[in-house]
Amino acid sequence: MTGPAIDVKNISYSYKEKKAVDDISFSVAPGEILGFLGPNGAGKSTTIKMLTGQMPPQSGSIDILGQDITRERTAVQGEIGVCFEEKNLYLNMSARENLAFFADLFGLKGVDITELLRRVDLADRADDRPKDFSKGMRQRLMIARTLINTPKVLFLDEPTDGLDPASALAIRDLIKTEAARGAAVLLTTHDMVEADQLSDRVAFINEGRMVTLDTPDNLKLSHGKRSVRVRIKDNGKVREEVVELDESGAGDRLKTAGGAQGLMTIHTEEATLETIFIELTGRGLHT
Ligand code: ADP
């Protein structure tokens, strides 16, 4: 298809008095990973619930794969994959039976469940029950479940939250592979390192509004200082020089520092998404 996989125009949602999502618009191209970054209560889950057809937007429109999610909900839901915080695994069925059950639910024939389990590193636990799995293993099984229909659009809500590093890494690799296959991915997280590593673009969400939407590189270039920290061992002592790259004479200073005897390390220091978020919203991601 041409055109965006997700196209959102001016959506809003209020729970009684509380405006949870306030006039948000954006689009995601096939193969693109968009990171939705914001603190708890920012409106990320409410947005995903609207995008996946769990509740209609109170205003605005949402097209997924060129179809209106409210009018074409069933057709759209067959082509998307949704991994939400709520766990919906059957703890007393084996991993394989869980996936077979969901394949049936989708009316899918010939799904290679062994291959899916292999992709999430659970092939050797196929006949064990999620009841006996770690949190990371359950989440990997959830991801396998999400991929069962080879979705063209993936919605992942905090997919690595609270997981051990190995499981988190495995899930991040899978997300990249899915995007490389052409899936559009919308990923919510309050982990700015994850957002930075995975996302082609990030959207900052705060108090229901989209504060900014850009590539991590553009955000870092347009916010905060660019600097280089040089560590030099001088007469047995370590000294540090910080060269601000945007100041005049920076090139010469860097040459001198970098050419010094006893040079130990040179590190670039750039704004992180967390510091940019604070700069733009006045609050951190974990408050
Ligand atoms: P996030 O996913 O970014 O943590 P949410 O979309 O869950 O944010 O919540 C956005 C706002 O809407 C918060 O202020 C939250 O308290 C409120 N909210 C979320 N769900 C409900 C609900 N079912 N009833 C009332 N208020 C809600």
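## Close-up views of a predicted model

View 1. Buried residues of α6 are Ser 167, Ala 168, Ile 171, Arg 172, Leu 174, Ile 175, Glu 178 and Ala 179 (buried means under 20% relative accessible area, exposed over 50% and partly exposed in between, with a 1.4 Å probe and protein chains only). Looking down the axis of α6, these buried residues fall within an arc of 160°, so they line one face of the helix; the arc is that of the directions from the helix axis to the C-beta atoms. Pro 165, Ala 166, Leu 169 and Ala 180 are exposed on the other side of α6. Helices (H or I, at least four residues) and strands (E, at least two) are DSSP runs, numbered from the N terminus.

This is a predicted model, in which local features need pLDDT of at least 70 and side-chain atom pairs count only at pLDDT 80 or more, while totals for chains, interfaces and linings use all residues. Residues are numbered from 1 along each chain as its sequence is written, and side-chain values use heavy atoms, with hydrogens and water left out.

**View 2. The shell around the ligand.** Here you will find Tyr 15, Lys 18, Ala 20, Pro 39, Asn 40, Gly 41, Ala 42, Gly 43, Lys 44, Ser 45 and Thr 46 around the ligand (a residue is near a molecule if one of its heavy atoms lies within 4 Å of it). A backbone N or O atom of Lys 44 lies 2.9 Å from an oxygen atom of the ligand, and one of Ala 42 lies 3.1 Å from a ligand oxygen atom. The elements giving two or more residues to this shell are β2 (18-28) and α1 (44-51), and the largest share, three residues, comes from α1.

**View 3. Two loop residues with positive phi.** Most residues other than glycine have a negative phi. Asp 121, in the loop between α4 (113-119) and α5 (135-146), has a phi near 65°. Asp 121 counts as exposed, at 55% relative accessibility. Thr 150 also has a positive phi, of about 45°, and is found in the loop between α5 and β7 (153-157).

Key
A polar contact is a pair of N or O atoms within 3.5 Å; within protein, one must be able to donate a hydrogen and the other to accept it, and residues adjacent in sequence count only if both atoms are side-chain atoms.
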